[in-house]
Number of protein chains: 2
Amino acid sequence: MPYRAPVAELRFVLDHVVAFDRVAATEMFAEATPETVDAILSEAGRMSEEVLAPLQRPGDLHPAHLENGVVRTSPGFAEGFRAVADGGWLGMSADPEFGGMGLPITLTMAVNEMMGSACLSLQLNPLMTQGQIEALEAHASDEMKALYIPKLISGEWCGTMNLTEPQAGSDVGALRTKAVPNGDGSYAITGQKIYISWGDNDFSANVCHLVLARLPDGAEGTRGISLFMVPKRIPDADGNPGAANDLRVVSLEHKMGLHGSPTAVMQYDGAQGWLVGEPHKGMAAMFTMMNNARLGVGVQGLSVAEAAMQHAIGYALERRQGRTHEGDGTILDHADVRRTVLSMKADTFAARAIAFDCAVSLDMAKATGDAAWRARGAFLTPIAKAFGTDTGIKVAGDGIQVHGGMGFIEETGAAQYLRDVRVTAIYEGTNGIQAMDLVGRKLADGGAAAFALLDEVSAFDHSDLRGAADDLRALTEWMVAQEMQDRFAGAVSYLNAFARVLGALHHLRAAEADGDRAPLARFAVNRMLPEARAEMAKARTGAEELFAVSNGVIAA
Amino acid sequence: MPYRAPVAELRFVLDHVVAFDRVAATEMFAEATPETVDAILSEAGRMSEEVLAPLQRPGDLHPAHLENGVVRTSPGFAEGFRAVADGGWLGMSADPEFGGMGLPITLTMAVNEMMGSACLSLQLNPLMTQGQIEALEAHASDEMKALYIPKLISGEWCGTMNLTEPQAGSDVGALRTKAVPNGDGSYAITGQKIYISWGDNDFSANVCHLVLARLPDGAEGTRGISLFMVPKRIPDADGNPGAANDLRVVSLEHKMGLHGSPTAVMQYDGAQGWLVGEPHKGMAAMFTMMNNARLGVGVQGLSVAEAAMQHAIGYALERRQGRTHEGDGTILDHADVRRTVLSMKADTFAARAIAFDCAVSLDMAKATGDAAWRARGAFLTPIAKAFGTDTGIKVAGDGIQVHGGMGFIEETGAAQYLRDVRVTAIYEGTNGIQAMDLVGRKLADGGAAAFALLDEVSAFDHSDLRGAADDLRALTEWMVAQEMQDRFAGAVSYLNAFARVLGALHHLRAAEADGDRAPLARFAVNRMLPEARAEMAKARTGAEELFAVSNGVIAA
């Protein structure tokens with residue numbers, strides 16, 4: 001079954017679950033009228049269905065590869081990228097001063113969702129560029145903004161982010177890449193970076209690398225890191241791509257999935273770069289880029305969940321096996337298949353609601369400057385990232401299972417969803433790192449943001465949900481009182497519990513707005529709340545229990 | 001880190017968790033002395049480490065393929081198979097009358113576990129042959145036994161099972177393959193079979209297909225199905241492979257994983273076959289083969305869990321990232337990584353204990369003819385299959401996560417475990433089918449087998465465990481009182497709950513026998529029991545809730 005963009009579902013979630021009208025009511029986002037939203041969703045949906053979805057399997061079968069040092073992208077990807085750029089989807093939320101549309105991030109995420117469902121490996125490219133635009137808007141000089149942002153928005157140039165090195169993964173502070181002043185305001189960047197998504201391509205006139213490196217006087221650890229713009233081709237006086245910079249793609253990774261996205265090892269050999277923001281403040285700048293990218297990656301998980309769900313439902317509605325209790329005899333009438341499909345549907349809805357609820361908070365924070373909105377968005381970001389990607393993986397796995405033996409056969413397409421989405425739980429900070437962020441930095445306010453969210457949950461008149469919210473409140477109080485190591489021991493379970501309580505809330509809100517959704521909401525709540533309780537029990541066990549098992553026993 | 005056969009761990013589980021000494025105390029299995037067991041485990045372990053493990057990645061990189069109608073297996077697989085055959089591992093549990101060793105199935109499963117950890121795609125071949133030997137022992141004529149079994153045991157010939165057709169997957173009764181009497185005691189078999197694991201190879205002199213087909217007077221559905229032996233080459237008067245039979249491999253599937261195992265579409269065009277067992281009793285005969293194969297597939301899940309766990313622990317003990325709370329600075333000292341690794345270890349232990357507990361029951365039933373042992377084994381089989389394979393998938397996924405970005409890169413090997421093991425939740429009956437078997441056929445005794453197992457759980461002096469057992473007993477009583485459709489709606493959750501309660505019991509038994517295991521047992525119990533409770537809540541929701549969501553809403 002070909003992918004169909006869930007335009008009506010997105011509209012419903014925006015209107016009736018996450019109250020997007022609040023965003024449209026701000027002065028900053030006054031242009032996001034219902035008509036504009038409809039036009040955006042239907043146009044991006046059409047492009048995703050017609051232009052991007054046909055690239056999904058070719059991208060898998062014909063991976064991006066390196067030919068004499070040049071990256072050759074998968075068949076059709078150049079045209080697909082052009083359609084994305086020409087549609088204006090790269091700069092939807094960018095500043096109009098540089099050619100952006102200034103629309104809410106919520107709408108960018110809705111468009112990203114559809115593009116990612118259609119072809120995740122291609123959609124990763126715009127996601128990188130969108131993040132780079134945000135980082136430049138927040139931290140670059142006016143001159144740099146004027147030079148780069150318009151070309152990134154038009155898709156003439158693409159953006160990447162370069163953090164990881166072999167010895168510096170989650171521990172970014174361990175990086176060794178050096179930046180030495182050239183004396184002319186530029187810097188010579190030397191080092192190797194790995195896992196660079198879309199590190200190069202054969203369809204943009206330039207590739208703009210944002211690279212973390214250490215200045216000669218940079219301290220050890222994260223506090224001594226600076227951010228640099230290092231373009232593949234050095235812009236000439238007219239801002240056109242000029243001389244080749246001293247950087248190259250050493251190799252592309254052979255990955256489990258996402259074959260259409262070239263993942264590069266990049267070598268910088270004294271490449272010319274320009275400082276972005278203040279010296280030694282690179283981590284803060286990079287976090288701007290990473291923070292919204294985290295939500296963007298959560299939405300990638302949602303993208304795959306939606307696509308895998310549609311694919312499995314299409315199959316289940318066609319496939320007939322055995323006698324069934326009732327209905328028209330397809331496998332969807334078998335209780336366990338139906339349960340599986342409903343789980344996929346319930347989880348996908350919850351992931352979408354949580355992601356867009358987070359996006360609305362980010363927009364409200366930007367539009368109002370209100371600290372409570374900012375804290376709400378910051379709290380929801382790691383949840384949206386981890387739950388969205390975990391849901392993508394779970395739903396893709398369920399989709400394979402619904403297909404039975406066909407699910408293991410690549411031609412079916414079900415397996416590709418799982419292979420592609422698997423990395424989303426890893427990149428932009430592993431889901432374990434997201435959970436540590438949640439119980440660490442995001443509870444550093446003593447739980448204020450968490451309690452405010454739980455107040456929203458408790459305000460909904462549903463006794464089981466309120467009971468779960470009360471337990472989660474008590475767990476949050478417990479968490480805040482613990483040493484960091486004990487919080488970390490229960491971090492993933494805490495995040496899982498929170499996501500399920502919020503998921504149940506969103507389902508109930510949907511059912512309140514539309515009675516036809518009540519049966520799915522009942523199904524969802526009856527599963528999410530028991531799971532939340534189990535996760536809460538696991539979240540409280542503490543670190544002592546973990547370290548009581550010796551390394552010797554583990555390695556035995 | 002190369003795979004190390006967990007000989008001491010297997011020995012511990014056999015001795016202190018599943019009381020294998022009861023098997024060795026029977027007259028039938030008196031030869032399974034501790035010395036024999038040690039010799040078998042260490043010899044099979046050595047072969048798995050040295051001969052089979054080096055084939056794991058070549059099998060993935062160089063899949064079995066079809067060359068002018070002939071299957072070419074992956075590099076080294078012929079030699080690997082020869083080592084398995086020469087070691088005597090194909091006929092370990094086969095009847096000594098035909099060259100087998102007559103050893104307990106428990107020991108075959110221990111050997112299978114190690115072979116599967118080393119190279120799952122190759123190990124699937126012996127698993128098929130072992131199952132065929134069992135089916136022939138139980139149902140074939142003496143003449144057929146004498147002709148086939150010795151050659152299957154020696155590995156001169158290999159065996160396959162042919163059930164599935166495009167329209168007949170889980171619904172085997174829908175098959176269309178025909179068997180027409182030739183008048184000479186043989187039958188002409190015509191039809192197409194799909195998903196035939198190891199449907200052909202280039203290293204055995206013959207391939208013996210057990211094929212389900214319908215005789216002209218066969219009723220519709222499963223009651224009209226008969227089982228036939230259809231060899232690739234028809235044995236001559238001396239029992240040597242003679243003329244080619246009218247069958248062929250049409251194509252091999254392009255699969256997500258298990259690339260070293262050729263999965264064939266088989267075409268039979270009036271191929272000569274011989275009836276195995278009674279006419280129209282083919283399903284019963286096939287179930288003999290499938291029943292132990294189900295345990296065998298559960299052990300495949302365990303195999304991959306063990307291998308993926310070792311691989312991840314090896315990585316975690318080497319990789320250093322960031323400051324840690326205590327310890328020597330590897331990522332294993334980060335609480336969340338440690339939690340993940342301990343989960344892998346706890347789940348793998350539980351899967352192993354459940355599988356071998358099941359195997360001991362099957363051996364005891366065979367040795368004593370006791371109905372209670374038989375019922376115990378029958379009840380545990382779907383649990384061992386589904387929990388074993390779900391654990392394989394979960395642990396392989398955890399293994400990817402522990403590797404971070406490296407986990408998504410194929411060279412690392414972590415991804416292959418997940419790609420390979422994914423199918424084990426599907427073949428030999430999907431895990432949904434296993435759960436339906438559990439709450440259907442296996443509760444048809446009114447819950448007697450379940451209650452007997454729960455009595456064993458309750459006999460262990462641990463208040464939380466007893467509480468969970470009481471709840472599971474109440475749930476079982478509820479299940480037995482429900483219509484089948486309501487049982488099916490909660491089937492997977494019921495199975496999941498049972499597996500976790502049994503897993504907790506086995507961990508506590510291990511801790512009782514060896515105090516060094518108490519910390520891991522505490523960790524495991526603190527997670528498995530809350531999960532069991534959540535699954536119990538989900539198991540009780542019933543089918544009405546599923547069918548309250550309309551197909552229209554699902555497809556929307």
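Modeller: This is a predicted model. In it, 82 residues of chain A are in contact with 81 residues of chain B.

Biologist: How much area do chain A and chain B bury between them?

Modeller: About 7,500 Å² is buried between chain A and chain B, and 61% of it is on carbon and sulfur atoms. Three residues, M256(A), F408(A) and I554(A), supply 11% of the area that chain A buries against chain B, more than any other three residues.

Biologist: Why give an area at all?

Modeller: The accessible area lost when the parts come together is often used to state the size of an interface.

Biologist: How many salt bridges are there between chain A and chain B?

Modeller: The count between the two chains is 6 salt bridges. One such pair is R522(A) with E544(B), where the closest N and O atoms are 3.1 Å apart. For polar contacts, the count between chain A and chain B is 46 residue pairs.

Biologist: Which elements give two or more residues to the side of chain A that touches chain B?

Modeller: Among them are α10 (335–368), α11 (371–402), α18 and α20 (551–555) of chain A. The largest share comes from α18(A), with 11 residues. By type, the residues on that side of chain A divide into 38 nonpolar, 20 polar and 24 charged.

Biologist: Do the copies meet through the same surface or through different ones?

Modeller: The same surface, because 99% of the interface residues of chain A are also interface residues in chain B.

Biologist: And how is chain A laid on chain B?

Modeller: By a turn of 180 degrees and a shift of 0.0 Å along the axis, which gives an RMSD of 0.0 Å. The two copies are therefore related as by a two-fold rotation axis. In chain A, the C-alpha nearest that axis belongs to A534(A), at 3.0 Å.

Biologist: Pick one residue at the contact. What does D336(B) touch?

Modeller: Leaving out residues up to four places away in sequence, D336(B) touches G432(A), M436(A), F488(A) and V492(A). D336(B) sits in helix α10 (residues 335–368) of chain B. The side chain of D336(B) also has a polar contact of 2.9 Å with the side chain of R339(B).

Biologist: Is D336(B) buried or exposed?

Modeller: D336(B) is buried, because its relative accessible area is 9%, and the cut-off for buried is under 20%.

Biologist: Back to salt bridges. How many does the structure hold over all chains?

Modeller: Over all chains, the structure holds 67 salt bridges. One of them joins R517(A) and E9(A), with the closest N and O atoms 2.8 Å apart. R517(A) is in the loop between α17 (491–513) and α18 (518–539) of chain A, while E9(A) is in helix α1 (residues 7–17), so this pair ties together parts that are 508 residues apart in sequence.

Biologist: Why would two such side chains pair up?

Modeller: Side chains of opposite charge can pair when their charged atoms come close.

Biologist: Which salt bridge does R11(A) form?

Modeller: R11(A) meets D38(A) in a salt bridge, at 2.8 Å from N to O. D38(A) is in helix α3 (residues 34–52) of chain A and R11(A) is in helix α1, 27 residues apart. R11(A) counts as buried at 16% relative accessibility, whereas D38(A) counts as partly exposed at 37%.

Biologist: What about chain B, say E67(B)?

Modeller: E67(B) forms a salt bridge with R72(B), at 3.4 Å from N to O. E67(B) is partly exposed with a relative accessible area of 38%, and R72(B) is partly exposed at 32%. In chain A, salt bridges that share partners join R294(A), D437(A), R441(A) and K442(A) into one network.

Biologist: New topic, the backbone. Which phi value does L258(A) have?

Modeller: L258(A) has a positive phi of about 55 degrees, although it is not a glycine. L258(A) is in the loop between β10 (247–252) and β11 (263–276) of chain A, and counts as buried at 2% relative accessibility.

Biologist: And where does W198(B) lie?

Modeller: W198(B) lies in the loop between β5 (187–197) and β6 (206–214) of chain B. The phi of W198(B) is positive too, near 50 degrees. W198(B) is buried, with a relative accessible area of 2%.

How values were computed
Residues are numbered from 1 along each chain as its sequence is written. Chains are lettered from A and ligands numbered from 1 in the order in which they are written. This is a predicted model: local features need pLDDT of at least 70, side-chain atom pairs count only at pLDDT 80 or more; totals for chains, interfaces and linings use all residues. Side-chain values use heavy atoms; hydrogens and water are left out. A salt bridge is a side-chain nitrogen of Lys or Arg within 4 Å of a carboxyl oxygen of Asp or Glu. Helices (H or I, at least four residues) and strands (E, at least two) are DSSP runs, numbered from the N terminus. Buried means under 20% relative accessible area, exposed over 50%, partly exposed in between (1.4 Å probe, protein chains only). Copies are superposed by least squares on the C-alpha atoms of residues with pLDDT of at least 70 in both. Contact means heavy atoms within 4.5 Å. Buried area is the accessible area (1.4 Å probe) that two parts lose on being put together, summed over both. A polar contact is a pair of N or O atoms within 3.5 Å; within protein, one must be able to donate a hydrogen and the other to accept it, and residues adjacent in sequence count only if both atoms are side-chain atoms. Ala, Val, Leu, Ile, Met, Phe, Trp, Tyr, Cys and Pro count as nonpolar, Asp, Glu, Lys and Arg as charged, and the others, Gly among them, as polar.
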